[in-house]
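Try each task before you read its solution.

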Amino acid sequence: MRALAVRRLVLLLPTMLGVVTLVFAFLHLLPGDPVEIMLGEWAAPADVAGLRRELGLDRPLAVQYVRFLAHAIRGDLGHSIAFRAPVGRVIAARYPATLELAAASLVLALIFAVPLGVLAAVRRGSAVDRAARVASLAGVCLPSFWLGPLLMLGFSIRLGWLPVSGRGGVAHLVLPAVTLALGMAGILVRLTRASLLAALGEDYVRTARAKGAPRWRAVGIHALRNALVPVVAVLGLQAGALLAGAVITETVFAWPGLGRLLVQAIQARDYPLVQGCVLAIGLSYVAVNTAADVLAGVIDPRLTEDAR
Amino acid sequence: MLVGLAGGCAEAPPPAGALVVAFDSDPQSLDPRFQTDANGARLADLLYVGLTRAGADGQRAPELARTWEMPDRRTFVFHLRSDFRFPDGTAVTATDVRATYEAVRDPALASPKRTALAVLSAVEAPDPTTVVMHLTEPFAPFLDATGLGILPADRARERGEVTTGAGPFQLIAAERGERLVLAPNPRYPDGVPKLHPLIVRIVPDEMVRVLELRRGGVHLVEDAPEPEIGTWLGTIPTLLVRRSPGTSFVYLALNLRDPRLADRRVREAITLALDREGLVRFVLGETARPATGLLAPEHWAYARLRSPRHDPGRARRLLDRAGYRAPRPGAPRFRLVYKTSSQPVRRRLAEAVQTELGAVGIAVDVRVYEWGTLYADVRSGNFELASLAWVGITDPDLYYLAFHSTMMPPAGYNRGAYVSRVTDRLTTAGRQTFAPARRRAIYARVQRRLAHDLPVVPLWWEDRVVVHTRRLHGFEPSPSGDLRGLAAAWLD
């Protein structure tokens, strides 16, 4: 298992380097100049040149790139052009909100998706199965820019139970977390069901039943354990995507997370902040997926053997 | 599931006496030395005092400066009030004014306000209530730059964000991207504000701002909602929708580098093809006034001009005369690319313009861009038609920046590359003339000239639409959209 984790960590470096390089290149291809956005349209050319020099934007792209990498390795992501503050501090201020929303959505999705998927598989063809499949399809299909306002209208405006938007206590977390969780749960229900159905048809489940294991044990211990491996892998990908910032949900619910910050940084052509956000997102993505791989290894030790 | 979750987590209401205002985006900076965006300016009005502030008619009104005079054409002497205090009780003095202006003039600070102070050669503080500013040349619009918020002298040169001012409110907490919490400045001399606290929430989605208003999570929104939503909000008994004439000017920018648009007959044909009354009625739900030019009728330098009429027949004849005839019946005379931002109202405008220009034989290809890309294209002259707006117009010297032939980007705002020796001469004279009556006469001639030359097609002046709770009293919305009126407001 340690070998798996080490191998993923070693792969992290070239992955991050690739991501940062691509973002750096594409960002500089975008029309728009951060200095002009900062100083205004009629800033004196001397001031524009001075600030460009101060920010290092007058140097060749390759030099800017190497400089950025050298600083990033030392943990210095530079200064945000728009916020006039260290990039690390700006991101650190927003990251807890993203973590909070991602964690709440994941927990909600898991709590509802796995039991429903198991129930649908165990009662295959029943009304419960059909209802679970329709509900999961709906969860996948409903876009968050539509679902979010719909939930607001129902639970905040009509019933008055929950706040409309913003970040505060648990109450503020419910609607954005449910909006994100529904889409994720839809995928997980279908995956759990399909994976468990496949596992239930395996010889080892039949053998367990033949040896007298009760149905709940054959399903819950033998089949489900194997069926959860692909679920954990997909969960890792989805969790990574959530940590990348659910831009639409964050915008709809005025949630001050990383996704909104990234959009704001792109609009202001705030190169250091965009690069910092992408780096943070990339690291989160790889960390979560490494954790998911390790968890899959715990569930099915054969995966760890394969990694050696 | 939601029922269960909701049962366990009741929403904490805002504190009693708190007013919650929603902004559509986070101000980029709260520091008056660096603030450039509209929401930053709104907050600066609450947190800081400047020597002067813009009045409703665009003239400078006294604020920290009680009075001012000009002993010669290159010197302004400001006499300060002595009763303004920073929240810690320290008096705002001429030393603070000098330090703030000198910090902004320092190239090392890289302040976007530095260019506006380019004509300032020295600032003196001979005594605590007198500030003397020397200019390099006579420059009538200089007073427009004296709205700069004053910081304490010992903090004016800090490179980080400084938010200590002597305005009616003080910043007590800032969770960027989420909310800003302001409390009254207990030393504010013109009456300590009664709103405590004043919370500014960042709610990017327009529909969510509206739902928050409906629910009571937000008490005031200044960004005009879509016309039909504004009508719906007016039916909610707890809310008050207030509409007043605004100063923001929306126009069609024309690129005169294009030989077709360089022909005045084509520009006039485009103007005549547009039914601006109809556009205001159907695109904006009558929340605007058809415009004759940059300055709204409330502005001190506004000149009354005849509004361009809607006359498609004459537009066709002008295009024929200019040599742009359709190659065959039903085919367009020529095509123009129209660039616009992704704002819904701007997109609707683009579709309407496309239809109306199509009716006189000009085919329009609409391209919708993210703001940064549109801005970069307009700046670099990479456009034919574009829908743009001027907000926060104060001094008519904007005519120089936007239409003088030397003010093409990157020097200024003359994005359409308009060149007129008459306009150059008049706008130069306008910035060197101090007598108000003579200045007004000069700008009247500028406005008539531009109405003839049509370097841009004036569309409308947007109304200010403010929606707030009926519990709010004593608040007078300003035509420019600033929030200073909240200093005198209270909640019942």
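**Exercise 1.** Find which helices of chain A each supply at least two residues of the nonpolar patch, and then list the patch.

*Solution.* Start with the two helices: H7 (144–158) and H11 (247–252) of chain A each give at least two residues. Helices (H or I, at least four residues) and strands (E, at least two) are DSSP runs, numbered from the N terminus. Next, collect the members: Leu142(A), Phe145(A), Trp146(A), Leu150(A), Val247(A), Ile248(A) and Val263(A) make a nonpolar surface patch of about 600 Å². Patch residues have over 30% relative accessible area and no salt bridge; like charges are joined within 9 Å, and nonpolar side chains (Val, Leu, Ile, Met, Phe, Trp, Tyr) within 5 Å. The areas come from the Shrake-Rupley method with a 1.4 Å probe, and for residues only the protein chains shown count as cover. Finally, H7(A) contributes the most, with three residues, and Trp146(A) sits in helix H7 of chain A.

Before you go on, a word on the source: this is a predicted model, where local features need pLDDT of at least 70 and side-chain atom pairs count only at pLDDT 80 or more, while totals for chains, interfaces and linings use all residues. Residues are numbered from 1 along each chain as its sequence is written, chains are lettered from A and ligands numbered from 1 in the order in which they are written, and side-chain values use heavy atoms, with hydrogens and water left out.

**Exercise 2.** Which parts of chain A does the pair Glu100(A) and Arg167(A) link?

*Solution.* First, the contact: these two side chains form a salt bridge at 2.8 Å, N to O. A salt bridge needs a side-chain nitrogen of Lys or Arg within 4 Å of a carboxyl oxygen of Asp or Glu. Second, the locations: Glu100(A) is in helix H5 (residues 87–122), and Arg167(A) is in the loop between H7 and H8 of chain A, 67 residues apart. Over all chains, the whole structure has 37 salt bridges.

**Exercise 3.** Trace the strand order of the six-stranded open sheet in chain B and name its edge strands.

*Solution.* The order is S14-S18-S13-S17-S15-S16 (chain B), with mixed pairing. The edges are S14 (288–290) and S16 (362–369) of chain B, each pairing on one side only. Two strands pair if DSSP finds at least two bridges between them.

**Exercise 4.** Where in chain B does Pro197(B) lie?

*Solution.* Pro197(B) is in the loop between S9 and S10 of chain B. A cis peptide bond joins His196(B) to Pro197(B), with omega about -5°.
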